[in-house]
Amino acid sequence: MRVDWNTFWPRIVESTGETILMVIATLIFGSILGISIGLLLYVTRKGNILENQLLFQILNILINIVRPIPFIIFLVAISPLTRAIIGTTIGTWAAIFPMTIAASFGIARIVENNLLSIDPGVVEAAKAMGASPFQIIFTVLIPEALGPLILGLTFVTISLIDFSAMAGTVGGGGLGHVAMTYGYQRFDGSVMLVTVVILIILVQFAQWLGNTLSRKIMRR
Amino acid sequence: MIEFKQAAKTFRLGNREVQAVKEVSLSIAQGEIFGIIGFSGAGKSTLLRLVNMLEQPTAGSVQVQGVDIATLSQKDLRKLRRRIGMIFQNFNLFTSRTVAGNVAYPLKLAGTPKREISERVEELLRFVGLSDKANDYPEQLSGGQKQRVGIARALATSPDILICDEATSALDPDTTGEILRLLKKVNKELGITILLITHEMHVIQAICDRVAVMEEGAVIETGSVFDTFSNPQHPTTQRFIQSVQQDRPSNTLLKEWRAKGGQKLYRVIFKGEVASDPILSSITQKFGIHFNIVYGSIRELQEKFFGNLLVSFEGEVQAIELVIAELKRTVEIEEVEIHES
């Protein structure tokens, strides 16, 4: 059975919109959560400004438990939680919830790594100038780590485009859903091709934006 | 101004205890430049960090302007830190901020109004000679310029004390001189007490009033720079002194001197006023003796002359003895031994 392109194009546009919504919403929520966890992980580390071994270990282990789970399994595994919080396990918002959780743990690790690469001497200097731990976080750690952090988030964004396609296959909508139903289940190569091209364009754009922003901030 | 009272710091590394600072008692007076010298690992960096509580003493106490800083609340400690500027070996500038942004940072922390900040930043950059670099980023600056920014930043909140952690160790000799002159200016013009640590004796020689020598966590010698240089007691101190003033030629050269039939060599040490009188010349003339300066130097220490010369005498043996006896009344003189090895 051939695809009716006249009705198909609006679906493509709609699906692309869903994919972009999933990625951007996840990026926003995941960043807020992930940056917070990453900062917490860094400042509670041994010898750091708010050292707290217990909290550090709990966060560290939690991240190590969540991160290795393949996303498609994670998605299904936390569906009861998704239903409890979002009210459904089908649709775009139901996909955003597990994507946010998975992304925030990844972002937390990236944030922690970026913060660890900051020269501890700079933090010591701020301390010596009378900065409080709170001031150190917002006026030293975040600005100093921002450039690499944006590159890290760009990397995450691209994984999110991948995640969104997976979420699509289990009822999340978006381009992944279109590719699966038309391309895979109906053996229509042309639909598959269109969605793949759109995904490539999205990835290229995200990478370009990330590179441009980080270059501006890092001045190189 | 700063008073260490049996201050000690012990680190725990696994099951091992490392005594970085062992019961140090020192008193740094207002307005002076006090240097602490030691080889790396001597504990001087830890000692310095006790002054602004970047490290807490594990025993004893540190008083700053009469207050035991261990008793301060976190809030009061942060206030105290604004009165103690600090500069670092690696400058520790914020890479995300411009030169002006770096200097403005401590003022922002202190809640200074915006207009005042920009005036103060301008004034500070003028003081350190970097007015034209205000909008540059640290990576565009040379090492010496970076340290100037570090100094301007440390002075932003008008501190009473400046502590310097190996501030010139990452700089080349020319730039080191430049930064030392700037520190001297900070001390003289702004009346800021400076406590610095270094492993380079020439830093002590160039700007310090008093010096403490540290080894294995303890202070082994303290005194004015002049006294320490002219009469070092501890072997480690003597090693540091020798690092900046070659007070004897190599043994090879000395043996060669003797092999050629050279006269006995005497070390003559001049201090302060005597250095300006023609003592050697007038005394030797009196006894009809010739003198020959073989080796040595006359330098400036704390704005006083300090001479250390190797001299030989030619003439009658008895007359030479009389010359030496007379010289002993005004300068230090001793025969130089030539080691066989």
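Ala, Val, Leu, Ile, Met, Phe, Trp, Tyr, Cys and Pro count as nonpolar, Asp, Glu, Lys and Arg as charged, and the others, Gly among them, as polar. Keep that in mind, please.

Good morning, everyone. The structure on the screen is a predicted model.

Chain A to start. How many helices and strands does chain A have? It comes to nine helices and zero strands. Read along the sequence, then, chain A is α-α-α-α-α-α-α-α-α. The C-alpha trace of chain A spans about 70 × 40 × 25 Å along its principal axes.

Now the record. In an unreviewed entry, UniProt lists "domain: ABC transmembrane type-1" at residues 16–210 of chain A. That span is 84% helix and 0% strand. Its end C-alpha atoms lie 20 Å apart.

The UniProt record also gives chain A the feature "transmembrane region", again from an unreviewed entry. Let me pick out two of them. Residues 190–210 of chain A are 100% helix and 0% strand, with end C-alpha atoms 30 Å apart. Residues 84–108 of chain A are 80% helix and 0% strand, and there the end C-alpha atoms are 25 Å apart.

On to chain B. UniProt, in an unreviewed entry, places "domain: ABC transporter" at residues 2–241 of chain B. Over those residues chain B is 38% helix and 28% strand. The end C-alpha atoms of that span are 26 Å apart.

Next, the interface. How many residues are in contact? 19 residues of chain A are in contact with 21 residues of chain B. Together the two chains bury about 1,800 Å² between them. Of that area, 53% is on carbon and sulfur atoms.

What about charges across the interface? The rule finds one salt bridge between chain A and chain B. A:E124 pairs with B:R49, and the closest N and O atoms are 2.5 Å apart.

Over all chains, the count comes to 16 salt bridges. Another one joins B:R83 and B:D160, at 3.2 Å from N to O. Where do these two residues sit? B:R83 is in the loop between α2 and β6 of chain B, and B:D160 is in the loop between α5 and β7 (161–165) of chain B. They are 77 residues apart, so this pair links distant parts of the chain.

Now for empty space. Rolling a probe the size of a water molecule over the atoms shows where such space is left.

The largest pocket has a volume of about 800 Å³. Its lining has 30 residues. Which lie nearest the centre? They are A:G47, A:N48, A:I49, A:K127 and B:L54. By class, the pocket lining divides into 15 nonpolar, five polar and 10 charged residues.

Last, the cavities. The count comes to four cavities of 30 Å³ or more. The largest cavity has a volume of about 80 Å³. Its lining includes A:A125, A:A128 and A:M129 from chain A. Among the chain B residues there are B:R81, B:R82, B:I84, B:G85 and B:M86.

Which elements supply at least two residues each? α6 of chain A does, together with α2, β6 (84–88) and α5 (143–155) of chain B. The largest share, three residues, comes from β6(B).

Back to our opening classes. The lining of the largest cavity has seven nonpolar, two polar and three charged residues.

That is the tour. Thank you.

Technical notes:
Residues numbered from 1 in each chain as written. Chains lettered and ligands numbered in written order. Predicted model: local features only at pLDDT ≥ 70, side-chain atom pairs only at ≥ 80, totals over all residues. Heavy atoms only, no water. UniProt positions renumbered as here; feature names shortened; annotations may be inferred. Helix = DSSP H or I, 4+ residues; strand = E, 2+ residues; numbered from the N terminus. 1 Å grid on protein atoms, 1.4 Å probe; cavity = no way out; pocket = protein on both sides within 12 Å on 5 of 7 lines; lining within 4 Å. Points joined across faces, edges and corners; volume = space filled by probe spheres on them. Contact = heavy atoms within 4.5 Å. Buried area = accessible area lost by both parts, 1.4 Å probe. Salt bridge = Lys/Arg side-chain N within 4 Å of Asp/Glu carboxyl O.
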